[in-house]
Amino acid sequence: MTTPDTAPPFPDMSLRTCAAILCCVASPALAACPPNPDIAEDIDRLLDAVQAADDAEAARRIASEMWTFWAKAPDDRAQQLLDDGMARRAAFDLAGAVAAFDGLIAYCPDYAEGYNQRAFANFIREDYAAALPDLERAITLRPRHVAAIAGKGLTLIRMGRIREGQDTIRAALAFNPWLSERQYLLLEPKGIDL
(Lines give C-alpha, C1' and ligand atoms only; values in the text may rest on other atoms or scores of the structure.)
Protein backbone atom coordinates (compact mmCIF):
# COMPACT_ATOMS: atom_id res chain seq x y z
CA MET A 1 0.00 0.00 0.00
CA THR A 2 1.31 3.44 -0.88
CA THR A 3 0.77 6.61 1.06
CA PRO A 4 0.68 10.09 -0.48
CA ASP A 5 4.36 10.51 0.48
CA THR A 6 5.45 7.38 -1.38
CA ALA A 7 3.04 7.38 -4.31
CA PRO A 8 4.74 7.84 -7.65
CA PRO A 9 3.83 11.05 -9.53
CA PHE A 10 2.47 8.95 -12.39
CA PRO A 11 0.37 5.96 -11.32
CA ASP A 12 1.85 3.60 -13.92
CA MET A 13 5.47 4.33 -12.87
CA SER A 14 7.30 2.81 -9.96
CA LEU A 15 9.18 4.96 -7.49
CA ARG A 16 12.43 3.48 -8.84
CA THR A 17 11.55 4.56 -12.41
CA CYS A 18 10.65 8.07 -11.24
CA ALA A 19 13.91 8.30 -9.28
CA ALA A 20 15.91 7.18 -12.32
CA ILE A 21 14.25 9.81 -14.51
CA LEU A 22 14.86 12.55 -11.95
CA CYS A 23 18.47 11.47 -11.60
CA CYS A 24 19.01 11.65 -15.36
CA VAL A 25 17.27 15.01 -15.65
CA ALA A 26 18.97 16.55 -12.62
CA SER A 27 22.48 15.22 -13.21
CA PRO A 28 23.33 17.43 -16.21
CA ALA A 29 22.29 20.50 -14.25
CA LEU A 30 24.79 19.56 -11.57
CA ALA A 31 27.62 19.11 -14.07
CA ALA A 32 29.96 22.01 -14.62
CA CYS A 33 30.59 23.43 -18.06
CA PRO A 34 34.13 22.70 -19.23
CA PRO A 35 36.44 25.56 -20.25
CA ASN A 36 35.79 27.30 -23.56
CA PRO A 37 37.76 26.05 -26.54
CA ASP A 38 40.92 28.08 -27.18
CA ILE A 39 40.21 29.73 -30.52
CA ALA A 40 42.55 32.73 -30.20
CA GLU A 41 45.10 31.61 -32.83
CA ASP A 42 42.39 30.69 -35.32
CA ILE A 43 40.59 34.02 -34.88
CA ASP A 44 43.91 35.92 -35.14
CA ARG A 45 44.63 34.17 -38.43
CA LEU A 46 41.17 34.88 -39.79
CA LEU A 47 41.19 38.53 -38.70
CA ASP A 48 44.53 38.99 -40.49
CA ALA A 49 43.07 37.31 -43.56
CA VAL A 50 39.87 39.37 -43.62
CA GLN A 51 41.85 42.61 -43.37
CA ALA A 52 43.92 41.53 -46.35
CA ALA A 53 40.89 40.36 -48.38
CA ASP A 54 40.71 41.67 -51.93
CA ASP A 55 36.95 42.06 -52.06
CA ALA A 56 33.72 41.72 -50.10
CA GLU A 57 33.04 38.17 -51.31
CA ALA A 58 36.43 36.91 -50.10
CA ALA A 59 35.85 38.72 -46.79
CA ARG A 60 32.40 37.12 -46.45
CA ARG A 61 33.91 33.63 -46.82
CA ILE A 62 36.53 34.40 -44.18
CA ALA A 63 33.93 35.85 -41.81
CA SER A 64 31.85 32.71 -42.30
CA GLU A 65 34.82 30.65 -41.20
CA MET A 66 35.02 32.71 -38.00
CA TRP A 67 31.55 31.44 -37.12
CA THR A 68 32.83 27.86 -37.09
CA PHE A 69 35.01 28.86 -34.13
CA TRP A 70 32.61 31.18 -32.30
CA ALA A 71 29.87 28.54 -32.51
CA LYS A 72 32.10 25.75 -31.20
CA ALA A 73 30.63 25.08 -27.76
CA PRO A 74 32.61 23.76 -24.79
CA ASP A 75 30.98 20.30 -24.87
CA ASP A 76 28.21 18.25 -26.49
CA ARG A 77 25.54 19.41 -24.05
CA ALA A 78 26.36 23.08 -24.67
CA GLN A 79 26.51 22.46 -28.41
CA GLN A 80 23.08 20.86 -28.33
CA LEU A 81 21.62 23.86 -26.47
CA LEU A 82 23.29 26.29 -28.89
CA ASP A 83 22.14 24.36 -31.96
CA ASP A 84 18.60 24.02 -30.57
CA GLY A 85 18.39 27.75 -29.89
CA MET A 86 19.73 28.63 -33.32
CA ALA A 87 17.28 26.25 -35.01
CA ARG A 88 14.39 27.71 -33.04
CA ARG A 89 15.49 31.25 -33.93
CA ALA A 90 15.72 30.31 -37.61
CA ALA A 91 12.15 28.97 -37.36
CA PHE A 92 11.08 32.25 -35.67
CA ASP A 93 10.30 30.45 -32.42
CA LEU A 94 11.97 33.34 -30.64
CA ALA A 95 10.62 32.54 -27.18
CA GLY A 96 11.89 28.97 -27.57
CA ALA A 97 15.24 30.25 -28.82
CA VAL A 98 15.62 32.57 -25.84
CA ALA A 99 14.72 29.70 -23.49
CA ALA A 100 17.37 27.46 -25.10
CA PHE A 101 19.98 30.23 -24.82
CA ASP A 102 18.92 30.82 -21.20
CA GLY A 103 19.71 27.15 -20.55
CA LEU A 104 23.04 27.45 -22.34
CA ILE A 105 24.02 30.55 -20.34
CA ALA A 106 22.97 28.91 -17.07
CA TYR A 107 25.14 25.89 -17.92
CA CYS A 108 28.09 27.78 -19.49
CA PRO A 109 28.08 31.34 -18.13
CA ASP A 110 31.52 32.07 -19.62
CA TYR A 111 30.65 31.00 -23.18
CA ALA A 112 30.24 34.18 -25.26
CA GLU A 113 28.11 32.70 -28.02
CA GLY A 114 25.23 31.95 -25.66
CA TYR A 115 24.95 35.65 -24.91
CA ASN A 116 25.48 36.70 -28.52
CA GLN A 117 22.78 34.36 -29.81
CA ARG A 118 20.30 35.31 -27.09
CA ALA A 119 20.96 38.96 -27.98
CA PHE A 120 20.26 38.20 -31.64
CA ALA A 121 16.94 36.53 -30.79
CA ASN A 122 15.97 39.52 -28.63
CA PHE A 123 17.10 41.92 -31.38
CA ILE A 124 14.72 40.19 -33.80
CA ARG A 125 11.98 40.53 -31.17
CA GLU A 126 12.88 44.24 -31.04
CA ASP A 127 13.72 43.90 -27.35
CA TYR A 128 16.87 45.99 -27.64
CA ALA A 129 17.06 46.64 -23.90
CA ALA A 130 17.45 42.87 -23.37
CA ALA A 131 19.87 42.44 -26.27
CA LEU A 132 22.35 45.14 -25.25
CA PRO A 133 23.64 43.67 -21.95
CA ASP A 134 24.03 40.26 -23.60
CA LEU A 135 26.11 41.80 -26.37
CA GLU A 136 28.24 43.62 -23.83
CA ARG A 137 28.80 40.35 -21.93
CA ALA A 138 29.70 38.50 -25.15
CA ILE A 139 32.23 41.21 -26.02
CA THR A 140 33.70 41.10 -22.50
CA LEU A 141 34.19 37.34 -22.88
CA ARG A 142 35.46 37.53 -26.50
CA PRO A 143 36.72 41.09 -27.15
CA ARG A 144 37.35 40.37 -30.86
CA HIS A 145 33.91 38.87 -31.54
CA VAL A 146 33.28 41.05 -34.59
CA ALA A 147 29.66 39.96 -35.00
CA ALA A 148 28.82 40.80 -31.38
CA ILE A 149 30.50 44.20 -31.72
CA ALA A 150 28.61 44.95 -34.94
CA GLY A 151 25.40 43.67 -33.32
CA LYS A 152 25.94 46.03 -30.41
CA GLY A 153 26.34 48.90 -32.87
CA LEU A 154 23.09 48.01 -34.63
CA THR A 155 21.30 47.63 -31.31
CA LEU A 156 22.44 51.05 -30.15
CA ILE A 157 21.27 52.56 -33.44
CA ARG A 158 17.85 50.90 -33.04
CA MET A 159 17.70 52.36 -29.54
CA GLY A 160 18.21 55.82 -31.05
CA ARG A 161 21.81 56.12 -29.85
CA ILE A 162 23.06 56.74 -33.39
CA ARG A 163 26.50 58.20 -32.76
CA GLU A 164 27.37 55.63 -30.10
CA GLY A 165 26.18 52.87 -32.42
CA GLN A 166 28.28 54.26 -35.27
CA ASP A 167 31.35 54.40 -33.01
CA THR A 168 30.76 50.76 -32.08
CA ILE A 169 30.44 49.80 -35.74
CA ARG A 170 33.74 51.59 -36.41
CA ALA A 171 35.30 49.39 -33.71
CA ALA A 172 33.98 46.30 -35.52
CA LEU A 173 35.27 47.64 -38.85
CA ALA A 174 38.76 47.90 -37.32
CA PHE A 175 38.66 44.08 -37.19
CA ASN A 176 36.78 43.51 -40.47
CA PRO A 177 36.64 46.48 -42.85
CA TRP A 178 34.23 44.61 -45.16
CA LEU A 179 31.27 44.37 -42.77
CA SER A 180 27.95 45.25 -44.37
CA GLU A 181 27.16 47.29 -41.24
CA ARG A 182 29.48 50.00 -42.59
CA GLN A 183 26.43 51.38 -44.41
CA TYR A 184 25.15 52.66 -41.05
CA LEU A 185 28.02 55.12 -40.86
CA LEU A 186 26.26 57.20 -43.52
CA LEU A 187 23.24 57.84 -41.29
CA GLU A 188 22.62 61.31 -39.96
CA PRO A 189 21.89 61.23 -36.24
CA LYS A 190 18.66 63.27 -36.43
CA GLY A 191 15.44 62.45 -38.19
CA ILE A 192 16.35 58.91 -39.17
CA ASP A 193 13.70 56.32 -39.70
CA LEU A 194 15.42 52.96 -39.27
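A word on terms before I start: I call a residue buried when its relative accessible area is under 20%, exposed when over 50%, and partly exposed in between. I also keep in mind that this is a predicted model.

**Entry: cysteines.** I searched the whole structure for disulfides and found one. The partners are C33 and C108, with their sulfur atoms 2.0 Å apart. I then checked the handedness: the link of C33 and C108 is right-handed, with 90° about the S-S bond. The two ends sit in distant parts of the chain, 75 residues apart. I located C33 in the loop between α1 (15-30) and α2 (40-51), and C108 in the loop between α5 (94-107) and α6 (112-124).

**Entry: cover on the pair.** Is C108 buried or exposed? I read 2% relative accessibility for C108, and since the cut-off for buried is under 20%, C108 counts as buried. C33 comes out at 22%, so C33 counts as partly exposed.

**Entry: fold.** How many helices and strands does the chain have? I noted nine helices and zero strands. Walking along the sequence, I wrote the pattern down as α-α-α-α-α-α-α-α-α.

**Entry: packing and surface.** Of the 194 residues in the chain, 37% are buried. I looked at contacts between residues at least 6 apart in sequence, and 55% of them join residues at least 24 apart. Last, I looked up the accessible surface of the chain: about 11100 Å², with 56% belonging to carbon and sulfur atoms.

How values were computed: Residues numbered from 1 in each chain as written. Predicted model: local features only at pLDDT ≥ 70, side-chain atom pairs only at ≥ 80, totals over all residues. Heavy atoms only, no water. Helix = DSSP H or I, 4+ residues; strand = E, 2+ residues; numbered from the N terminus. Buried < 20%, exposed > 50% of the residue type's maximum accessible area, 1.4 Å probe, protein only. Contact = heavy atoms within 4.5 Å. Areas by Shrake-Rupley, 256 points an atom, 1.4 Å probe, with all protein chains shown as cover. Disulfide = S-S within 2.5 Å.
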